[in-house]
Amino acid sequence: MSRRLLSLLALASAFATAQGVRADDVQVAVAANFTAPMQAIAEGFQKKTGHTVVAAYGATGQFYAQIQNGAPFEVFLSADDTTPAKLEQEGKTVAGSRFTYAIGTLALWSAKPGYVDDKGDVLKKGGFQHLSIANPKTAPYGLAATQVMDKLGLTQALAGKLVEGQNITQAYQFVSTGNAELGFVALSQIYKDGKVTDGSAWIVPSSLHEPIRQDAVILDKGKDNKAAQALVDYLKSPEATALIERFGYAH
Amino acid sequence: MSDVIEARLRVAYPGFSLDTELRLPGRGVTALFGASGSGKTTWLRCVAGLERGCRGVLQVGGETWQDDGRGLFVPAHRRPLGYVFQDARLFEHLDVRGNLLYGFKRVAAAQRRVGLEQAVELLGLGALLERRPAHLSGGERQRVGIARALLSAPRVLLMDEPLAALDHRRKQDILPYLERLHDELDIPVLYVSHAPDEVARLADHLVVLEAGRVIASGPLQDTLARLDLSLALDADAGVVVEGRAGAHDADYGLLRLELPGALHLKVAHDAMAPGRPLRCRVLARDVSLSLEEPRDTSILNRLPVRVVDEAPAEQPAHVLVRLDAAGTPLLARITRYSRDRLEVHPGKALWAQVKAVAVLA
Amino acid sequence: MPLSAADLTAIRLTLELATLTTLLLLLLGMPLAWWLARTRSRLKGVVGAVVALPLVLPPTVIGFYLLLSMGPNGAIGGLTQALGLGTLPFSFAGLVVGSLVYSLPFVVQPLQNAFEAVGDGPLEAAATLRASPWDRFFSVVLPLARPGVVTAAILGFAHTVGEFGVVLMIGGNIPGKTRVVSVQLFDHVEAMEYAQAHWLAGGMLLFSFLILLALYGRRQHRPRWS
């Protein structure tokens with residue numbers, strides 16, 4: 001109910017923006033995994049510029065479909081780098097506005113303390129029934145996880161133990177509820193103020209997989225909104241990048 | 001005598017209670033008569049074991065079906081009874097044959113008393129066997145319901161106002177079938193009704209219920225003539241006269257009904273085998289009294305009677321007078337004015353003029 | 001062929017899941033619906049409300065709580081582990097359990113309505129004709145409630161086929177084991193494979209339409225006596 005209310009409000013203010021009544025609002029579609037940092041960023045952004053971020057959090061694939069069909073978003077913070085590129089090709093973005101705002105860090109995590117060693121040897125030893133990953137077809141963290149297993153030569157050995165979450169949030173849920181003993185999750189999900197909050201984790205070296213780039217882009221609808229450009233500028237500022245890193249992302 | 005039904009049954013619901021103690025004959029038709037709400041259907045359901053809140057003792061033909069003092073309760077499906085519901089309650093998913101065989105199949109072959117052919121013949125169902133209940137008339141449904149109950153080899157047949165939902169013509173269609181049951185099968189019947197004409201026609205024994213209490217129980221003729229009960233019957237107060245068929249006058253279409261004490265009534269009826277028992281109903285409002293035998297009158301039937309006693313009628317202007325015609329009880333409803341003018345008192349000899357006699361059956 | 005082997009596997013799995021779920025729900029739902037239809041217990045309201053809960057709870061919420069309770073630390077998980085069955089998430093059995101919960105009201109409510117519509121009349125008549133309680137249920141109640149049983153089966157089946165949120169939460173998306181059509185469809189959409197998504201979605205749409213057509217078409221031809 002409240003979510004519906006929120007999106008109604010978002011829609012209403014989107015119309016207001018289109019009519020130029022509240023030029024200091026910016027409609028942003030944000031990848032769900034970036035929810036926590038975005039809230040902190042929006043706060044800092046408002047303090048610094050006076051502009052207000054109106055954010056919708058969700059799945060990248062769904063945002064893509066919505067943008068295709070006229071959703072009123074002005075800035076898009078994707079969970080991957082392919083979707084913004086695709087939108088750019090299709091001419092739905094402000095040319096040259098695409099950039100990487102965060103690089104995801106992959107972690108092998110278990111809710112049980114001491115279960116995962118700091119070199120990830122537990123993967124080779126086996127002894128678990130379920131290894132949770134995000135859907136490699138649709139989620140960048142899932143794709144990265146399969147690359148890691150490939151690199152370690154464990155793809156075959158682990159194939160029968162994989163369970164897939166539809167997204168990285170679900171991959172995390174499978175592990176946090178104990179249904180999977182361990183899983184590849186986003187470091188940002190288990191990390192706060194520079195350390196892993198609970199359980200045990202191996203922060204996977206970035207050399208074992210392609211970088212998990214999360215790209216942002218200014219959309220067509222935001223091309224005349226000064227606040228949209230201001231948000232992009234702010235995302236690139238040292239103040240924001242430091243904040244993003246505190247949430248477990250590289251930059 | 002094991003052919004007796006003994007029932008001490010109690011039910012207490014908010015706003016209604018039933019408290020009865022009855023000893024009923026184990027043969028013939030016992031009618032339970034009373035206004036709606038008097039508890040007669042509830043009593044019948046108690047006998048069948050369908051009423052959850054019923055407590056007490058029930059013995060049928062020497063078998064105990066319920067005795068709460070001993071914690072004994074035989075569930076409905078283990079009581080060898082047949083039940084005919086007011087609304088027939090045929091199984092809509094089965095055709096007539098399926099309905100008839102439902103109970104039949106559930107009775108051991110050795111215990112069956114009525115065969116399918118016999119039941120079909122008795123109730124005239126031959127043409128209906130393949131029909132679904134939805135395609136039957138009300139009267140046909142009741143006949144199927146009765147046959148279905150008979151086929152389950154009942155030791156007692158319970159009938160809950162089986163004619164109440166039918167119009168006058170359909171009732172007349174079914175009554176002969178009920179009489180055949182009475183004549184041809186030796187199954188005691190407990191028959192619930194609020195219609196005096198049905199009771200007068202079918203019953204041998206009458207129980208009158210009022211507000212959950214038994215106010216009378218006895219042979220039909222005696223019970224109907226009781227003045228204290230007549231009030232309950234209002235305008236329908238009357239008696240059943242039982243006699244035997246006598247000579248027939250073909251010219252006038254009149255049949256002599258021979259009564260005890262060499263008395264007779266003449267009734268409009270076809271000829272009947274002499275000596276055959278015949279029932280007639282005589283309503284109190286159709287009987288008038290005079291001091292001498294009235295000769296110059298169109299009224300055919302005149303009987304010498306003796307006054308037994310009297311009671312107020314439902315209207316203050318009237319009284320009900322109980323009469324005895326050489327052993328045949330009669331009731332007359334006359335005005336209080338006439339009562340005083342004729343000086344009616346117990347023991348007085350009078351002439352009764354009977355204006356209308358309804359032959360039952 | 002516009003449908004891939006993976007799509008066909010998902011379709012087969014979905015049909016197996018829906019069939020098994022429907023059969024089990026009829027088996028379990030019948031005594032429950034019968035009790036609800038006949039009881040005078042004060043618990044009737046509570047049980048009825050619990051049965052109806054899946055109607056109002058978002059499927060992902062049901063799925064999440066199933067994930068918790070069937071997990072190694074949950075009540076159901078503790079039970080299945082004690083019985084030596086392991087835990088249920090990520091298994092076909094787990095999906096069946098989830099579907100039972102999710103589709104329960106769609107089977108129990110039509111059954112309950114049908115049983116209530118039969119009423120006391122035919123049951124009492126059957127009792128006076130020597131039929132024991134079990135006998136009465138099978139020879140009178142079930143035949144009279146047949147339209148309701150068919151409705152319950154169709155709704156239970158269709159609703160299980162359309163199930164998504166619960167499967168998503170407890171399935172783990174394992175091909176041939178827990179990846180049903182709705183999840184496969186979601187995958188296609190997420191991966192922007194719209195052509196395949198359209199084929200699957202179109203198939204589901206057609207299937208649902210045919211099921212509902214069967215249901216509503218049948219209602220019009222219902223025999224007079226029901």
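The structure is a predicted model. Of the 2 pairs of chains in contact, chains B and C share the most contacts. Chains A and B are not joined by any contact, and their closest C-alpha atoms lie 47 Å apart.

**Extent of the B–C interface**

- Chain B contributes 26 residues to the contact and chain C contributes 22 residues.
- About 2,000 Å² is buried between chain B and chain C, with carbon and sulfur atoms giving 59% of that area.
- On the chain B side, the residues that lose the most area to chain C are B:H77, B:H93 and B:R106, which together account for 31% of what that side buries.

**Polar and charged interactions**

- Between chain B and chain C there are 3 salt bridges.
- B:R106 is paired with C:D135 in a salt bridge, in which the closest N and O atoms are 2.6 Å apart.
- In chain B, the elements giving two or more residues to the side that touches chain C are β7 (81–84), α2 and α4 (138–150).
- The residues on that side of chain B comprise 13 nonpolar, 5 polar and 8 charged.

**Helix α7 of chain C**

- Helix α7 (residues 133–144) of chain C has 12 residues and should span 16 Å at 1.5 Å a residue; its end C-alpha atoms are 15 Å apart, which agrees.
- The buried residues in α7(C) are C:R136, C:F137, C:S139, C:V140, C:V141, C:L142 and C:L144.
- Their cover includes α2 (96–104) of chain B, as well as α1 (5–38), α5 (92–118), α6 (120–128) and α8 (146–161) of chain C.

Definitions and conventions. Residues numbered from 1 in each chain as written. Chains lettered and ligands numbered in written order. Predicted model: local features only at pLDDT ≥ 70, side-chain atom pairs only at ≥ 80, totals over all residues. Heavy atoms only, no water. Helix = DSSP H or I, 4+ residues; strand = E, 2+ residues; numbered from the N terminus. Expected span 1.5 Å × (residues − 1). Buried < 20%, exposed > 50% of the residue type's maximum accessible area, 1.4 Å probe, protein only. Contact = heavy atoms within 4.5 Å. Buried area = accessible area lost by both parts, 1.4 Å probe. Salt bridge = Lys/Arg side-chain N within 4 Å of Asp/Glu carboxyl O. Nonpolar A, V, L, I, M, F, W, Y, C, P; charged D, E, K, R; others polar.
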